[in-house]
Amino acid sequence: ELREQTLVLVKPDAVQRRLVGDVIRRFERRGFKLVAMKLLQADRGLLDKHYQQLRQKPFYPALLSYMTSGPLVAMVWEGYNVVRSSRAMVGDTNSAQAAAGTIRGDFSMHVSRNVVHASDSVETALQEIGFWFQRDELVAWESSDRDYTYG
Ligand code: DAT
Ligand code: MG
């Protein structure tokens, strides 16, 4: 499916550390297509939905305070196998174990400041994109290099 989409968040630590461009660059270089992007201050209501599976975890209060500590950048990337490929590019949840060459492995050391989010399945991605974006914020466009990035 060439139209698969995923949600990527450049988390507040990465915005503060001026890493937004580095994250975007990796997705662009891989060939994925940017179809939505915005800088915003997330509120608790949005994060409670986004992290609904984690609300009972002991670290959830700290995660909320980190994720609301400043602006973040939300993006939707599109392309073949983008959900799985993005997870591989992002690396292990725990930055201390993330492989070199991954975003977390190259830009962070600790699980509590792990720079980026990427959806973990196609179903989750659909749900998460709906939490962060209005339907009319996604832009449908054809990239001119299409025949050179897909066979
Ligand atoms: P991922 O972001 O790799 O999908 P996740 O969905 O399991 O990982 O958890 C979401 C975020 O919660 C993760 O990026 C960082 C934080 N987190 C997860 N496990 C944690 C832990 N043991 N201690 C502190 N923060 C944690
Ligand atoms: Mg997750």
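By a polar contact I mean a pair of N or O atoms within 3.5 Å. Please keep in mind that this is a predicted model.

With that term in hand, let us turn to ligand 1. An N or O atom in the side chain of Arg104 lies 3.0 Å from an oxygen atom of ligand 1. Arg104 itself belongs to helix H6, which spans residues 103-107. For Lys11, the distance from a polar side-chain atom to an oxygen atom of the ligand is likewise given as 3.0 Å. The side chain of Asn114 places a polar atom 2.8 Å from an oxygen atom of ligand 1. How much of ligand 1 does the protein bury? Taken alone, the ligand exposes 520 Å², and the protein buries 72% of that.

Next, the database record. An unreviewed UniProt entry carries the annotation "binding site" for Lys11, Phe59, Arg87, Thr93, Arg104 and Asn114. From this set, the lining of the largest pocket takes in Lys11, Phe59, Arg87, Thr93, Arg104 and Asn114.

Finally, the chain. The UniProt annotation "domain: Nucleoside diphosphate kinase-like", also from an unreviewed entry, covers residues 3-140. Over residues 3-140, the chain is 41% helix and 17% strand, and the end C-alpha atoms are 10 Å apart. Thank you for your attention.

Definitions and conventions:
Residues are numbered from 1 along each chain as its sequence is written. Chains are lettered from A and ligands numbered from 1 in the order in which they are written. This is a predicted model: local features need pLDDT of at least 70, side-chain atom pairs count only at pLDDT 80 or more; totals for chains, interfaces and linings use all residues. Side-chain values use heavy atoms; hydrogens and water are left out. UniProt positions are given in the numbering used here, feature names are shortened, and annotations may be inferred rather than shown by experiment. Helices (H or I, at least four residues) and strands (E, at least two) are DSSP runs, numbered from the N terminus. A polar contact is a pair of N or O atoms within 3.5 Å; within protein, one must be able to donate a hydrogen and the other to accept it, and residues adjacent in sequence count only if both atoms are side-chain atoms. Accessible areas come from the Shrake-Rupley method with a 1.4 Å probe; for residues, only the protein chains shown count as cover. On a 1 Å grid over the protein atoms alone, a cavity is a set of points where a 1.4 Å probe fits but cannot get out, and a pocket is an open set with protein on both sides within 12 Å along at least five of seven lines; lining residues have an atom within 4 Å of a point.
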